[in-house]
Structure formats: C-alpha cells, structure tokens
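Colleague: I have the structure open now. Can you walk me through it, starting with whatever term we need for the helices?

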Amino acid sequence: MKKSFTIYLTIGALFYCIILLTFWIRIQGVHRLPAGQFTENDAYLYHWHANIIAKHGVLPAKDMHRWLPNGRDNGLLLSLYSYAIAYIHKAVAWAFPKLTINHIQLYLPVFCFTLGLGVLFVFLTRVHGLLFATVVGVLLATLPGSIERSAAGFGDRDAWCWMFGILAVISYLWKEVMQPGRRRFVATILSGFIVFLGGLSWEAFGLFVLIILCIEIWKFCTNETEQHLKEYLIWILMFVPLLYLLAPAYRRGYSYWTHLAVLVLLPPLVVFTIRGARYLLLTYVEFLQPHARKLAWGLTLGAIVLGIGYFFPNPARLKQPSSRLKRVD
C-alpha cells in the first residue's frame, strides 16, 4: 500500500511539473503584445469571425468583403474554433466582465496544448511507463516548434486541432484495451464525437482519422476472426453522417475543399466495407475460411489500389474549361 502511494505521488508530481512547465513557457512575453494584436496572420480572421458570432449568434452565409462580386461562402469554412472563442467568452463573461474575446483567443492555444499534453502523459504512463511518458512530455513541452504554434498570442487554431487529434486517437486506443461492456461502448461514442468536433475544426483532420484506420487495418490483417464490427459501425456513425449533413464543405467543396469528404469520410466507410465483406465471405463461403488472413490482405490491397487510382488525373476532366469565377481578395 505504501509503495503504491509513493508511485502515484511520483506520477502526480511529475504530471503537475510538466503541465506547469508547459503552461509557463507559453505565456512568456504575452504582456508585451500591443492591444488587439496577434503573432500570426490567420488569427485575425478567427478574431473577426468570433466577434461576428458573438454579436449575431452565427456567421452570415457569405462574406461580402472578399471574392467579389459573389462573396466567399462561409458555409465552406470549418469555423468551430471561432464559435468556441465566441461562446467561451459568453459563458464566462458574467463572472469576469473585463474578460474580452481577445483575451480568450490569446490564451486558448495555451490551454488546448496543455490539456492535450496532459492527456497524452497519462496515457503514455499507463501504456509505456513513467520514464517514457516523462521524456515525451518534456520534449513536447519544450520543442521550439510546438512552443511557437501554441504560445499565448499566436491565436490560430493549431493547438485547438492538435488537442482534438490527441483526444480522438487516445480515446480510441484506450477503448481498445477495455473489456466489452458499457464503458467500452461509452468510450467508442466519445471517440467518434471527438472526431466529429475535429472534422468541424480543420480540413486536414483526416490525418488523425487515418492513424485510427491504420490501427483497424492492422487488426484486420493480423486476425482471422472479425471482432467488434458493430462497435466500429457505431464509431463511424458518430461523425460520418453528421459531418456530411452539418458541414457544407463535405458536400459541395471546391478549391482545397474539393476532396474533403474523400479524405475524411470515405476511408472509414471503405474500412467498414472490407471488414464486412470478409465477414460475409467467411460466413457463407466455406472454402475461404482457412484463408482469412490472405483474404484480408487481398481486400486491403485492393482498397489501397482503388484509393491511389482516385488521385490520378482524369484527362477528359482536365480538358474541360473551368467555370469558376476568378476571386478578388
């Protein structure tokens, strides 16, 4: 009992030291920033949107300050970060009247990065031990690149998206070590919902989804029996239909939103399809049952070949003239 208490005390002390170090490093020099200024250009766009949301509740359908004469379609923007800034300010303004949207945006990246690092430290401690978690935590806390993009005053959504990515992957990995039951079911729903929030925040959040899918593909190709297929279906139902219905960028995106649905929503569906296909084949085709792993590898390679083929340009499509109007910034 005494030894266990000492271990937990050590873990807790290191945890708080790393958290305090992470937070302290990132708030240095914020008082030297001129009022209303940020250290990154895109932060001003989120600040502008947050003020509009705070005033009107939502963003207007079009931004008539850019891309004249038609304006820029705000429905294609993944603006959860701006909404978060505005509504966090509304939630705490009654208790802190002097707190402004600018203050929220100045310090939100610090809180997001610190929270993500804290969750990562706890997970790595459980899985790989205290020493490994401490080394990784200190490296991430002091890495110059991570400091620059999560420091107070940066104001961009990098740390916000990083936090959701860490939470999505770790919650998925954590539920993988749970026994089937209500806790695993809740963890599955939580992971899918976090992916949904990340998908509303960043166009490239599919990178974190691909990490989870790599885990699923590895399990699929190394196991001879299909497990937790219904659980995986619940996970993808938590974000695939919601993102498609609620975010216009996934339905009618153009420019760098053109392939957004393909990169974020289609891969989870493809993995579910090949998993379901193997399950049905092994259930109803007897001569394939001794070759479950070979079948899994064949289905996976076929899906990868089709995915690669999607990115090769279509000559007929390239010859068609573009009907898009030139934008005017």
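Modeller: Start with "buried": a residue is buried if its relative accessible area is under 20%, exposed if over 50%, and partly exposed in between. Keep in mind that this is a predicted model.

Colleague: Fine. Which residues of α8 are buried?

Modeller: The buried residues of α8 are R184, A187, T188, S191, G192, I194, V195, F196, L197, G198 and G199.

Colleague: And what do the buried residues of α8 pack against?

Modeller: They pack against α3, α7, α9, α10, α11 (240–246) and α12 (249–252).

Colleague: How does the length of α8 compare with what it should span?

Modeller: Helix α8 covers residues 182–199, which is 18 residues, so at 1.5 Å a residue it should span 26 Å. Its end C-alpha atoms are 26 Å apart, in agreement.

Colleague: Back up a bit. What does the whole chain look like?

Modeller: The chain has 329 residues, and 41% of them are buried. Its secondary structure comes to 16 helices and two strands. Along the principal axes, the C-alpha atoms fill a box of roughly 75 × 70 × 35 Å.

Colleague: What share of the contacts join residues at least 24 apart?

Modeller: That share is 74%, counted among contacts between residues at least 6 apart in sequence.

Colleague: Now α4 and α7. What is the angle between them?

Modeller: About 20 degrees, with the axes of α4 (residues 101–128) and α7 (residues 158–176) 8 Å apart. Angles under 35 degrees count as roughly parallel, and α4 and α7 are therefore roughly parallel to each other. The crossing of α4 past α7 is left-handed.

Colleague: Which residues make that contact?

Modeller: From α4, they include L108, P109, C112, F113 and R126. From α7, they include W160, W162, M163, I166 and W174. By class, the contact has 19 nonpolar residues, one polar and one charged.

Colleague: What about α3, which residues are buried there?

Modeller: In α3, Y81, S82, A84, I85, A86 and H89 are buried. Their cover includes α2, α4 and α7.

Colleague: Last one, K294. Where is K294?

Modeller: K294 lies in helix α15 (residues 292–310). At 65% relative accessibility, K294 counts as exposed.

Colleague: How far apart are K294 and C221?

Modeller: In sequence, K294 and C221 are 73 residues apart; in space, they are 8.0 Å apart, C-alpha to C-alpha.

Methods
Residues are numbered from 1 along each chain as its sequence is written. This is a predicted model: local features need pLDDT of at least 70, side-chain atom pairs count only at pLDDT 80 or more; totals for chains, interfaces and linings use all residues. Side-chain values use heavy atoms; hydrogens and water are left out. Axes are lines fitted to C-alpha atoms, for helices over the stretch in contact, and angles run from 0 to 180 degrees between N-to-C directions. Helices (H or I, at least four residues) and strands (E, at least two) are DSSP runs, numbered from the N terminus. Angles under 35 degrees count as roughly parallel, over 145 as roughly antiparallel, 65 to 115 as roughly perpendicular and the rest as oblique. A crossing is left-handed if the near helix is turned anticlockwise from the far one by less than a right angle, and right-handed if clockwise. Contact means heavy atoms within 4.5 Å. Ala, Val, Leu, Ile, Met, Phe, Trp, Tyr, Cys and Pro count as nonpolar, Asp, Glu, Lys and Arg as charged, and the others, Gly among them, as polar. Buried means under 20% relative accessible area, exposed over 50%, partly exposed in between (1.4 Å probe, protein chains only). The expected span of a helix is 1.5 Å times one less than its number of residues.
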